[in-house]
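Thank you all for coming. I would like to walk you through one structure this morning, slowly and piece by piece, so please have a look at it before I go on.

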Amino acid sequence: MAGLYIHIPFCKKRCVYCDFFSTTLLERRAEYMEALLAEIQARKHETGEPIRTIYLGGGTPSTLEPQDIQRLIEAVGTNDAEEITMELNPGDATPEYLRALKKAGINRLSIGIQSFQDPLLQLIDRRHNAVQAIEAVTMAQEAGFNNLSIDLMYALPAQTMEQWRADIETALRLNIQHISCYGLMYEDGTALTRMRDKGELTPVDEDTENAMYDDLCERLKNAGFVHYEVSNFALPGFEAKHNSRYWDGTPYIGIGAGAHSYIGRIRSWNPDDLDAYLRGIRDGNLIRESETLTDKDLYNERIMLGLRTNRGVPRAAIQAELSPYIADGLLRETPEGDIVATQSGIHILNRIIEDLMI
């Protein structure tokens with residue numbers, strides 16, 4: 001089985017925290033669409049395995065028309081896809097648009113809500129408000145979507161524990177199946193990082209961020225969600241199939257500017273430059289950079305990705321000494337012999353992973 005990711009880089013406006021490849025040049029959508037279709041036709045059989053999952057991410061895929069979404073899905077040409085996910089900005093949701101997406105073949109939506117608090121949405125420069133966020137979920141359900149995920153963010157500047165708990169409760173009242181939650185990261189080159197460096201905002205302290213995360217985990221566990229990856233929670237049976245394949249080493253093809261692929265030991269990526277991508281597709285000589293992973297690379301990736309999940313890593317596969325981490329309650333061994341991170345361990349997981357790598 002394999003996955004296929006399609007990157008839609010277009011945004012009506014750029015969020016201050018985002019470091020993904022994106023552009024506000026919406027007038028170039030038509031030529032980009034033709035390039036995507038050409039790349040799909042050229043590469044869709046690259047893995048030699050059936051494509052079971054398709055994911056349209058961005059950027060903002062909901063800047064495309066439903067007929068364009070349908071053309072992309074039809075170009076992949078698979079009748080075997082178990083999951084076809086599309087990211088949606090709440091500000092783009094209308095009953096007509098959502099019904100058209102369902103008809104086009106989308107069977108799972110990932111809605112980028114981030115917060116249900118208008119002041120926080122304004123701070124991070126999102127183009128929707130709290131009412132639109134709730135309405136987007138309700139309209140999607142009315143359009144027939146029964147596999148919905150939302151994104152939430154915590155540790156936002158000036159965000160209080162009360163606001164965060166209110167966001168969690170609002171999400172649970174919406175009867176969704178999946179929640180992805182991310183602590184705010186100050187990435188190099190983003191507007192948010194420049195604001196921090198100028199003293200225009202104050203980041204949430206580490207203790208508060210950890211408390212927000214612990215509160216999230218406890219509340220979602222009590223609501224019946226499975227904490228199957230550090231940032232991802234799902235009702236049983238609604239774990240994201242496509243994203244799970246990134247964590248377990250399943251091959252995937254990345255289509256579009258800046259998209260990454262992973263096949264065998266080869267990781268490759270398209271240029272994260274719109275002109276370079278379009279020119280390469282048009283001239284038939286798209287230059288993709290690549291690297292061949294060594295045994296050491298594969299081992300380190302298994303540690304890095306496996307410990308982020310509730311499946312963990314088999315103890316027998318780990319070459320480092322684990323006893324100190326188990327004794328300190330940071331890692332534990334399951335009855336099946338797998339090593340997983342504890343709640344305390346997740347707080348310093350990057351440090352643990354770095355220690356266990358070779």
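This is a predicted model: local features need pLDDT of at least 70, side-chain atom pairs count only at pLDDT 80 or more; totals for chains, interfaces and linings use all residues.

In what order do the three strands of the open sheet come? The order is β13-β15-β14, and the pairing is antiparallel. Residues are numbered from 1 along each chain as its sequence is written, and side-chain values use heavy atoms, with hydrogens and water left out.

Helices (H or I, at least four residues) and strands (E, at least two) are DSSP runs numbered from the N terminus, and two strands pair if DSSP finds at least two bridges between them.

Let me turn to β1. Seven of its seven residues are buried, so β1 is largely enclosed by the rest of the structure, where buried means under 20% relative accessible area, exposed over 50%, and partly exposed in between, with a 1.4 Å probe and protein chains only. In a regular strand the side chains alternate between the two faces of the sheet. From β1, A2, L4, I6 and I8 point one way, whereas G3, Y5 and H7 point the other way.

β1 pairs with β2 in the parallel sense over seven bridges, and H7 has G57 in β2 as its bridge partner. With β9 (residues 252-255), β1 runs parallel and is joined by four bridges, and here G3 stands opposite Y252. Together with helix α1 (residues 29-43), β1 and β2 make a right-handed β-α-β unit; right-handed means that, with the strands pointing away from the viewer, the path from the first strand over the helix to the second runs clockwise.

Now the rings. A search of the whole structure finds eight aromatic pairs, where rings of Phe, Tyr and Trp (its six-membered ring) pair if their centres lie within 6.5 Å, and planes under 30 degrees apart count as stacked, over 60 as edge-to-face and the rest as tilted. One of them, Y5 with Y55, is stacked, at 6.1 Å centre to centre and 20° between the planes. This pair links distant parts of the chain, since Y5 is in β1 (residues 2-8) and Y55 in β2 (residues 51-58), 50 residues apart. Y5 is buried, with a relative accessible area of 15%, and Y55 is buried too, at 8%. The rings of Y154 and W164 have centres 5.4 Å apart and planes at 45°, so this pair is tilted.

Finally, the interior. A nonpolar core is a set of buried Ala, Val, Leu, Ile, Met, Phe, Trp, Tyr and Cys residues joined through side-chain atoms within 4.5 Å. The largest one has 85 residues, and those with the most contacts inside it are I6, L72, I106, L109 and I150. Helix α1 gives the most to this core, with six residues. Apart from it lies another core, of 12 residues, among them C15, Y17, I124 and L192.
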